[in-house]
Amino acid sequence: MAVARNRCLYCGETLPSHLVPDQPSPGPFPSGEGDAAAPARTLVILDLDAAAPEKLERGLGLATYEAALRARRGGFHLHRILAPELAEAEARRLRAEGLMVETVAEAETREPPLLALGGERGRGTLTLRAEEGPVTLHQEDLLIVVRGPIARQYQPVYRRRRVETTSLEEGYRVHLHRRADRRPVEIDSANFEFGFAVTGSTRLELEAWVQEIGADVTADDGFRRLPPAYGVAEPEPRGPLAAVSALGRAGRGDRPGAEGETVVLDNARQFRFYSAWRAALERQRAR
């Protein structure tokens, strides 16, 4: 998902008004706010672990090579997001082709995560400090753990006849989905106080935490295979990201609110959506 601009991507010239969209085109990711006015839609999800390449080739209209790659990758694949009646028709068509298909109501993916800011780990237990108060998690509380890398970059700066870009360090997030609460607990490795860290690395420490509490729990890291869909990052990053953002603005001479202000993009919203539908599917299959 790109951010709408009023300048040409290639030469930097101002675009004619009729070519400038009023706002960025909406992506397929829910807002997480449970908007009651949003139209009802249904997700059509394929189980690639049970899919033979020739069935994928025929059912999805793929080339032989691409069908073989998807079958080899396995896991669950979000195929379509459609109106409920169209989703059911598509699911029936795919099942007739011999594919394993699940459908999930999009409304089940709109629960916002509960952000964890810090905590400690014990034997099979995490004691977390979240935005809304303390949370204690035991292994038996968990339904599924979803984790994945977060791609980050600055919004490209457009100059005449050139495009300037600056890369940022990749992030990493984990969602701990609970059986008794649909809201996942989100840990952002860049904005989490681990206290005493054995490994000395936030990424490795977070992996150790996941292993501690989720050793016997379903884990999904399929998000790493998806190409990033960028959107504007949350406006007020905390922790190390706040310092990075401030340094970026100072180095570029940007001023808040000025034309050319540094904008950080990431695919955190895409990760949250992936995590939400993956957990909704797991919850549905566990009934």
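Biologist: Which residues are exposed on the other side of H4?

Modeller: Leu204 and Gln211 are exposed there. Keep in mind that this is a predicted model.

Biologist: And which residues of H4 are buried?

Modeller: Glu205, Leu206, Trp209, Val210, Ile213 and Gly214.

Biologist: Why do the buried residues of H4 line one face of the helix?

Modeller: Start with the general idea. An α-helix has 3.6 residues a turn, so residues three or four places apart point the same way. Now this case. Viewed down the axis of H4, the buried residues fall within an arc of 145°, so they line one face.

Biologist: What do the buried residues of H4 pack against?

Modeller: Strands. They are E4 (114-122), E5 (125-130), E6 (133-138), E7 (142-150), E11 (171-178) and E12 (185-188).

Biologist: How many residues does H4 have, and what does it reach from its first C-alpha to its last?

Modeller: H4 spans residues 202-214, which makes 13 residues. The helix reaches 18 Å, close to the 18 Å expected at 1.5 Å a residue.

Biologist: Now cavities. How many of 30 Å³ or more does a search of the whole structure find?

Modeller: One. The volume of the largest cavity is about 80 Å³.

Biologist: Which residues line the largest cavity?

Modeller: Glu108, Glu111, His177, Arg182, Pro184, Ala276, Ala279, Ala280 and Arg283. By type, the lining divides into four nonpolar, one polar and four charged residues.

Biologist: Which element gives the largest share of that lining?

Modeller: Helix H6 (residues 268-285), with four residues.

Methods:
Residues numbered from 1 in each chain as written. Predicted model: local features only at pLDDT ≥ 70, side-chain atom pairs only at ≥ 80, totals over all residues. Heavy atoms only, no water. 1 Å grid on protein atoms, 1.4 Å probe; cavity = no way out; pocket = protein on both sides within 12 Å on 5 of 7 lines; lining within 4 Å. Points joined across faces, edges and corners; volume = space filled by probe spheres on them. Helix = DSSP H or I, 4+ residues; strand = E, 2+ residues; numbered from the N terminus. Nonpolar A, V, L, I, M, F, W, Y, C, P; charged D, E, K, R; others polar. Expected span 1.5 Å × (residues − 1). Buried < 20%, exposed > 50% of the residue type's maximum accessible area, 1.4 Å probe, protein only. Arc of directions from axis to C-beta. Contact = heavy atoms within 4.5 Å.
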